[in-house]
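Here is a short briefing on one protein chain.

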Amino acid sequence: MENTSGAQRGSLLLLLLLNFLLCKGAASLPICPNGAANCQVSLRDLFERAVILSHYIHNLSSEMFNEFDKRYAQGRGFITKAINSCHTSSLPTPEDKEQAQQIHHEDLLRVVLRVLRSWNTPLYHLVSEVRGMQEAPDTILSKAVEIEEQNRRLLEGMEKIVGQVHPGIKENEIYSVWSGLPSLQMADEDARLFAFYNLLHCLRRDSHKIDNYLKLLKCRIIYDSNC
């Protein structure tokens, strides 16, 4: 019986590893292999890849936040200060699926573009500043680098989707400007760590929203359903 149980555990671990590699492999596929301008991927496939990628980004951001929280934030009371202090809070975004279902899909696409563009600058500086933290674990840096790259890819894919679905939406949609770099460079350790914590908290929040919005948009636009 012990040998059978061991074999079952081994099979389960192998299956979990294969699933992880498949998901990571799918997320690493370019949304538009030839670039957004020459993309020949169907709208259905564009949405499938965008949903996979957004879910991958959210998982990475959650893991990075949890690692940072355990290593730096325990006992500091950061979470009470982080509520509603994201740079994207000025953007009107639906808070849950019920609210999102009340928004026309053209407007919801605009929301996705605005939030993704709002993260270009902070993600670039997040990678730079984490590299400068001598005590930062390699796992946090590698996730920050990966998220920055994948956010750019997701934005490229969403611009292509919008170009097919609603070409009238302007490419220079309004987005929220981030001004938090000085906070990431403060000499005071508590203040600096809180700035990192808050940024990662906001990234996790916004990546979760994008993940949910894209799943809803795929159902509406591809399957003509609210799901």
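A residue counts as buried under 20% relative accessible area, as exposed over 50%, and as partly exposed in between (1.4 Å probe, protein chains only). By that cut-off, 44% of the 227 residues of the chain are buried. The model is predicted: local features need pLDDT of at least 70, side-chain atom pairs count only at pLDDT 80 or more, and totals for chains, interfaces and linings use all residues. Residues are numbered from 1 along each chain as its sequence is written, and side-chain values use heavy atoms, with hydrogens and water left out.

**Overall make-up**
- The chain has nine helices and zero strands; helices (H or I, at least four residues) and strands (E, at least two) are DSSP runs, numbered from the N terminus.
- Contact means heavy atoms within 4.5 Å. Among contacts between residues at least 6 apart in sequence, 83% join residues at least 24 apart.

**Helix α2**
- Helix α2 covers residues 43-73, and its 31 residues should span 45 Å at 1.5 Å a residue; the end C-alpha atoms are 42 Å apart, which agrees. The expected span is 1.5 Å times one less than the number of residues.
- After α2 comes Gly 75, with a positive phi near 80 degrees.
- Ser 54 lies in helix α2 and is buried, because its relative accessible area is 1%.
- Not counting residues up to four places away in sequence, Ser 54 touches Leu 154, Ile 210, Asp 211 and Leu 214.

**Packing of α2 with α9**
- The axes of α2 and α9 are 8 Å apart, at an angle of about 160 degrees. Axes are lines fitted to C-alpha atoms, for helices over the stretch in contact, and angles run from 0 to 180 degrees between N-to-C directions.
- α2 and α9 are therefore roughly antiparallel (under 35 degrees is roughly parallel, over 145 roughly antiparallel, 65 to 115 roughly perpendicular, the rest oblique).
- The residues in this contact of α2 with α9 are 21 nonpolar, nine polar and seven charged. Ala, Val, Leu, Ile, Met, Phe, Trp, Tyr, Cys and Pro count as nonpolar, Asp, Glu, Lys and Arg as charged, and the others, Gly among them, as polar.

**Packing of α6 with α9**
- Helix α6 (residues 120-132) and helix α9 (residues 189-223) have axes that come within 12 Å and cross at roughly 140 degrees. α6 and α9 are therefore oblique to each other.
- On α6 the contact is made by Pro 122, Leu 123, Leu 126, Glu 129 and Val 130, and on α9 by Phe 196, Leu 199, Leu 200 and Leu 203.
- By class, the contact of α6 with α9 has eight nonpolar, no polar and one charged residues.
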